[in-house]
Amino acid sequence: MDSNLEAKELLEQNISFIEPPNKKWIFKVFVLAIIIGVGLYALVLQVIKGHIITGMRDNVVWGVYIVNFVFVLGLSYAGALIAGIFHLGRVEWAKPLQRILKLITVFALIIGPFYILLCLGRPERLFNLFIYPRLQSPIIWDVTAIVTDLIFCIVYMYFTYIKDFALLRDITASSNLYSWRKKMYKFLAFGYQDIPEQRKLLNQALDIMAAIIIPTTIIAYSLLAWLFGMNLKVGWHSSIFGPFFVLSAVYSGVALLILIMWIYRKSQKLEKIFTDNHFIYLGFALMVLSLFYGYFYFSDYITDWYNMQKTYTILWDKYFDFSQYGIPFTISIFMVAFLPSIIIGIPWFRSVNSIAITAILALAGLWMMRYLMIVPVLETPYLPIQDIRETWVHYSATWIEWSLTLAGIALFTLFFVIVGKLAPIIPISEMLEKKEKNKVDSLNKSKLATSN
Amino acid sequence: MKTNYILNTTTLFLCVFCCLVASYNAVAQKKSKTRLKAYYEKISNDDKVISVILNKGSGLQIEGVPNAEIFLSMYDNEKEIELTSLFTDSNGETKLIIEANYVFPKDESGYSVITLNYNGNDSLKASKNKIKFKDLNIDISFDIVDSVKQIVVYAFNIDSIGNKLPINEVELHIGVERLFSTLYLQKNETDDKGIVSMEFPNDIAGDSIGNITLIVKIDDHRDYGTITKSAKINWGMIVDYNSKSNARSLFGDEAPLWMIISVIIILSGAWYHFILAIFKVLKMRRIDSGII
């Protein structure tokens, strides 16, 4: 391949993944494995002893697990949705971000569903869902959507990797790299030789995948929203939930993208790949999404508030009562709806680091908002909770739930660490295509100037 | 001087430490209070149930004492009769079910008294409680007068020679059994004849042959405890759960047609394009191997 040398330079300049694992990498894996191990221990305890060792009880039947499920799936769908839009929109500056977006999608989609399984008191009965499915049940909609989306996203991610695997196959052919890695790159390159016809077919396949991924993710996350919205519960039974969920997902996805870009930029010195402009563009996207979030939230709130139904009033009082959920609610709504406008909207505050920190705070706020969307609602049923121990009325997560939450984060990070060692974290081939296109454009421009 | 100072300071710290350890042990050895609660209930088949709960702690820290032995006894003519002993479950709860034909000894005012004892252990204090209750029977009869369905509930006691004595001013809840709980239709006190009557509504859904289960309940009465009596009658509306009108509905066995068609269109559209993309990538590979 003609561009091998350039590609090799790009790889060597920016990515150290071809080198064998060093002590730092092994230490990272070790620490993450310990966190995952603690989570597995908690899981074993939960399976043996049941949900009694979690904070979930008869009324508050959902807790941190479902919060994680909704949040992580949102990240996944957002990754796919943003990647699809960037791809079909031929957004040139976003090409270096494509790989991270697809990795977020797949990793989150693998981890997310585990949290819903953790909510099951009798997990062995899960199989009944597939034996006796009811099409009318939102749970079946959600299961179908997740499975479809997972298959589509894994295949879409693989398609985007084919050109890079072909590059790696060619570059590493004469290197002293482990033979299994060479074989792996050759196998995964799927016979791609960058012949124009091949390039055309692969690009067509990528276009098709991007086009079906966008509606699939929107439908899938709306279905998850309807899982809540179809319930006759205060705070959930709302027609705005579908679009609101999709918006929240995109918001959290952009925030996570900024965070991951920032980590790679800092740890692997990728300032030339993830430039200041990337942070500023995505920072503005974060700001706009935060304003939309605030608008949606206020719209939902004022509709509830204006009706002044008794149970709605009880629920909203909990959000504004500082002895109940007032403090987390105020902090979260500030971090989610106002902070990005202050930090990114005012030029004096705007910088790569401040945008990244805003993204972290927005992510934390969005997770908390999910918690506040679920737990206080379950604590506020239409019929008052009676004849139940006081400690069972209010939900409080136990160490089991927190350790499994941390294990999920660790697993997500571990996936990045491992994949980052096997394949490039930036789409090298797409960036080379971008460079070639820029060269052709500048050549055309100079020709035009000469002829004039 | 300096050595003395260090010695004195060390001694002082040791004394303080020992005091702290001693006070901690004193606290640790203090026994927790326990509280024994019991409820009397007479269920539909006239069996009697004594529910016992043993708790420890106070305020928000109340929790059940598991695996504790509770002794139950009664007095018959001032002579204590050991009834039985029960072990609490993991929630600190236990139950004694007494068959309907067992007759409890009564005192001169007609009360039966059961004494409960927990003897405590190394960490828990002993506790004691007693419950007293009177027996009460409920008869349910159904009547149709001028096409009006009437329910008549009679609350009575039986004296030593077998006479029925009406019991007045006892609040009765009358309802019908539904899927998850009881739907209460009326709440009223018995009259001087020990009777509460009500007209049965015509719009209560029954099963496929119109059967309903009527529930009459006295709820946690200070003298009679909780008493439940039920009876079946085919006065409900006949509901055919398998009728065609329920087919293809949200709650039916089959989904509405529009839902099936939408799902087929969405899924087939998505999967068709997915297979098309796969096909293109497979075709791409064949270009390399020179098949095309």
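Let's start with B:T190, which is buried, with a relative accessible area of 5%; buried here means under 20% relative accessible area, exposed over 50%, and partly exposed in between, with a 1.4 Å probe and protein chains only. Before I go on: this is a predicted model, where local features need pLDDT of at least 70 and side-chain atom pairs count only at pLDDT 80 or more, while totals for chains, interfaces and linings use all residues. Residues are numbered from 1 along each chain as its sequence is written, chains are lettered from A and ligands numbered from 1 in the order written, and side-chain values use heavy atoms, leaving out hydrogens and water.

Back to the threonine. B:T190 lies in the loop between β13 (182-189) and β14 (195-199) of chain B. Helices (H or I, at least four residues) and strands (E, at least two) are DSSP runs, numbered from the N terminus. Which backbone atoms lie by the side chain of B:T190? A polar atom of that side chain is 2.9 Å from the backbone oxygen of B:I167, and the backbone nitrogen of B:E169 lies 3.0 Å from a polar atom of the side chain too. Setting aside neighbours within four places in sequence, B:T190 is in contact (heavy atoms within 4.5 Å) with residues including B:A155, B:V170, B:L172 and B:I195.

Now over to chain A, and helix α12, residues 326-345. Its 20 residues should span 28 Å at 1.5 Å a residue, and the end C-alpha atoms are 27 Å apart, which agrees; the expected span is 1.5 Å times one less than the number of residues. There is also a kink of about 50° at A:F338, shortly before the proline A:P340. That bend is the angle between axes fitted to the seven residues ending there and the seven starting there. Among the buried residues of α12(A) are A:F329, A:I333, A:V336 and A:P340, and the buried residues pack against α9, α10, α11 (310-320) and α13 (352-378) of chain A.

Rings of Phe, Tyr and Trp (its six-membered ring) pair if their centres lie within 6.5 Å, with planes under 30 degrees apart counted as stacked, over 60 as edge-to-face and the rest as tilted. One of them, A:F244 with A:Y297, is edge-to-face, at 6.1 Å centre to centre and 65° between the planes. It links α9 (residues 241-268) to α10 (residues 276-307), with the two residues 53 apart. Both A:F244 and A:Y297 are buried. Ring pairs join them into a cluster that includes A:W316 and A:F329.

Methods: Polar contact = N/O pair within 3.5 Å; in protein donor to acceptor, adjacent residues only side chain to side chain.
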